[in-house]
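The sequence and the structure come first.

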Amino acid sequence: MTIWPEERVPALADDGFETVDMTINVGPQHPATHGVFRMVLTVDGEKVVDCEPYIGYLHRGLEKLTENHDYRQSMGWWDRTDYLAGMACEMAYCMAVEKLGNISVPLRAEYIRVMMVELSRILSHFMFLGAFGADVGSFGTSFIYAWRERERIYDFFEEVAGDRMFPTYFRPGGVQMDLPENYQDRVRWLLGSIRQGLEDFDGLLVGNEIFVERCRGLSPVTPEQAIAWGLTGPCLRATGFKFDLRKDEPYSVYPNLTFDIPTGTSGDVFDRFMVRMAEAYQSTRIVEQCLDALSQMEGELVLNPDLPKTLRIDSGECYVRTEGTKGEYGVYALAKGGNKPYRMKLRSPSFCNLSALREMVIGTYVADAIIILGSLDIVLGEVDK
Amino acid sequence: MLFADPLFDLPAWLDAVIRIVIVVLAMTVIVVYSTYGERKLVARFQQRLGPMRTGPWGLWQGFADAIKLVGKEDLRPKNADRWVFELAPYATFIPVLLTLMVLPFAENWGVRNLALGVFFVFAILGLNIVGILMAGLGSGNKYALLGAVRAAAQMISYEIPLVVSLLCVVMITGADTPNGVGTLNLNTIAALQEDRPYIVLQPLAFLIFFTAMLSELHRAPFDIPVAESEIVGGYFVEYSGIRWSMFQLTEYASMWGFAVFGSVVFLGGWAWPFGVDSHWAVQLATTFTKALAIVIVIIWIRTTVPRLRIDQLMNFSWKVLLELSFLQLVANGIILYYGWPQELLALTSAVGAAFLIFLIIRHASARSTKGLLGTYRTLGASSS
């Protein structure tokens, strides 16, 4: 299978029977587009000869909204970019504001943040595992398997921040409030359940011959191609290129933590799946270390107490990039005085990863196009901002 | 036996009508409860409860669904071909209904006891695809068209192994009949299995039959024509309300039809293990239990496995199942021609079945799943 076929499928087949390519519209209401994404596939029988993605159905003007709100008021908008892992987005936004205003963050708050971000990463990756199983056709079983662990994590989020999907828990200078009293036991129990969930997925999907046959060798990507297309995150690491901002440009307390960067070998759909699975496992290790560190500093501050009621930043410009759940989640911020940023720009990993879709699906089957889209693990809130 | 002779000395046509009405009514109730049963079973596989609100344990859910579906507006897309679109559900339903006419549910319990029962079932079931193509072409929808074409391609591919695997059984019935000639009469085939079901003699044929049956029924992992995550329901994507439920009825009726058919041909039908002289209620319960077992396995497979791709599906049929089924046919022929013992039939078929299973799980075992996750774990561990 080639990613770029040498030539388009000819309109005149060998036996002289004239065939016409058919366009089918996939989305925006389609079970496999993970939101309101639309792609127009041109198919020759079952083969995809062209693919045109259309985005923007979920555009909410995040950047403009941020420019028109107080620094703290905007928190909630940023939850809604990568809505499968709201805290990871809050992290990037807070880091950008803190860098602009030279705000320090207490160490305990940093550990809490990293713990919550890694739990969010697990949330997001479980969502991927479940939805991808459904894309490949396992009739919702994988979806429900994923939901069990996700619900447990969401329950913990609700207890911590009062909300499940959009916690708005982080603040510039720390986090909103300290963790609930029993968090140590709860999170440790959660971790056990997450590892069990990963084992279940291993048995349900990876142990299945059909699943392996469907995913192995599908749309392989070389590291060079991945870099040329701007892929980041698990899609890049699946090609064997070891690039993770948590290791390569460490931020927060990541330098103090021991974890591995799982990589694939061929960059195919199967490797993308396995890399996410292994990453979720690594995240449980990080959370465990955060718990150990947090138990050493009970009762310390979680929010910088020296901050004014209204955050005003005279001037500054920065670009902060973090390892979001889908890839490099970057925030460019420009302040020109006042309590609002002059410009906020989001570099969203889903958007950049999605741009490689066309090259990946051309030459594959219709069924493959669906799972290639699924393997990119886009979240439309982040693509459309 | 109750149904062996015409009921109450009625004319033959009236007797047949009464039997048809009984079969159709029973089938409707069974279908309503198989949708309920499937939802409950799937829910249990997925750690859920399933329908719980409609009556005790949600028992009336099937009827509630039926009422809702009947009450829905009968929508027709603007660019649909009116008559083709509207007649398609009947064109799929009637062949399936006709196959039920020859199935023996107990000794001579059936609408008609045809001498060519096996042949009749496949001759009629082949018409099913006409309705599906009508639905696909008449809907004026590209998803529906893709689904219908997929269904046609799949049907052509899997019909051959299906029929050949049944021929294997029909061949060996010749060894059991007094005159040495095989039979296509389903009632006789069941009666011949009084001592042992034919699955013992022909495990490979049963495996092929079961796989091809899944494909004919558009059930996972062969649900390519109705793939929900790809073509959102396939050929019946544009149907709603009563017409949609006709397709649903067809799907479940054919599932039960195939299950009864499979249990008659391979699992001994009503005759095994209680013998041909058992009470008709016992025979009926035996057939039903066997068919239920097949249906449950179908649902179990559906909840577990992902979907194949169209080319993999074709490869599996043309490159694996077809060859194996013909090999079985030839082996049976040689063994029967020379009059070798029946144990040899069982042995060759078991070897073939083992080979088929090996073919299927070969990759999975080579790619040792636990090892894979382990590889990825250690791969990172060496680096940190």
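In strand 7 of chain A, Ala335(A) is the bridge partner of Gly316(A). Strands (E, at least two residues) and helices (H or I, at least four residues) are DSSP runs, numbered from the N terminus. The model is predicted: local features need pLDDT of at least 70, side-chain atom pairs count only at pLDDT 80 or more, and totals for chains, interfaces and linings use all residues. Residues are numbered from 1 along each chain as its sequence is written, and chains are lettered from A and ligands numbered from 1 in the order in which they are written.

Strand 6 and strand 7 (residues 328-335) of chain A pair in the antiparallel sense over 8 bridges; two strands pair if DSSP finds at least two bridges between them. Both belong to an open sheet of 3 strands in chain A, with the order 6-7-8 and antiparallel pairing. Strand 6 (316-323) and strand 8 (343-347) of chain A are the edge strands, each pairing on one side only.

Helix 3 (residues 86-101) of chain A packs on this sheet and touches strand 6 and strand 7 of chain A. Contact means that C-beta atoms, placed from the backbone, lie within 7 Å.

The contact between the chains takes 43 residues from chain A and 40 residues from chain B. On the side of chain B that touches chain A, helix 15 of chain B gives the largest share, 9 residues. The table sorts that side by class.

| Class | Side of chain B that touches chain A |
|---|---|
| nonpolar (Ala, Val, Leu, Ile, Met, Phe, Trp, Tyr, Cys, Pro) | 18 residues |
| polar (the others, Gly among them) | 11 residues |

Conventions: Contact = placed C-beta atoms within 7 Å. Axes fitted to C-alpha atoms, helices over the stretch in contact; angles between N-to-C directions.
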